[in-house]
Amino acid sequence: MSVVGLLNWNSGQHYDHAGDCPCTQCGKPTPLRSHAGEPVHKVCAEDWNDRNPNATRHEHDGRDLGTHRFHSDPPRKSRKGGAR
């Protein structure tokens, strides 16, 4: 059993309020979108990343965020004192 890297898709850009489209991986409806606007369930994107370990990686400030196709949101810059 392999370990699947979980994606951080907390940004609202990953939700399309216009409605569901078929997931590019499983074909079931989803309102979720990748950074490129591709309709995909987060779990399907994580599974694709797991099955494609040699895919081109996406980095931010030297940190690996996942594959170029499906990657995590860049880390937020924390405010002074840890407040949000």
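**Entry 1: Asp61**

I began with Asp61, which sits in the loop between strand S3 (57-60) and strand S4 (63-67). The model I am reading is a predicted one. I looked up the backbone and found that phi of Asp61 is near 50°, a positive value in a residue other than glycine. I noted for comparison that most residues other than glycine have a negative phi.

Is Asp61 buried or exposed? I looked up its relative accessible area, which is 70%. Asp61 counts as exposed because that value is over the 50% cut-off.

**Entry 2: Asn49**

Next I turned to Asn49, which I found in helix H1 (residues 42-51). Its relative accessible area is 11%. The cut-off for buried is under 20%, so I list Asn49 as buried.

Which residues does Asn49 touch, leaving aside its neighbours within four places in sequence? I wrote down Leu7, Thr67 and Phe70. Of these, I looked up Thr67 again, and strand S4 (63-67) takes in that position.

**Entry 3: The whole protein**

I then went through the chain as a whole. I counted one helix and four strands. Their order along the sequence is β-β-α-β-β.

How much of the protein is buried? Of its 84 residues, 29% are buried. I have Asn49 down as one of the buried residues.

Last, I looked at contacts between residues at least 6 apart in sequence. Among these, 35% join residues at least 24 apart.

Terms used
Residues numbered from 1 in each chain as written. Predicted model: local features only at pLDDT ≥ 70, side-chain atom pairs only at ≥ 80, totals over all residues. Heavy atoms only, no water. Helix = DSSP H or I, 4+ residues; strand = E, 2+ residues; numbered from the N terminus. Buried < 20%, exposed > 50% of the residue type's maximum accessible area, 1.4 Å probe, protein only. Contact = heavy atoms within 4.5 Å.
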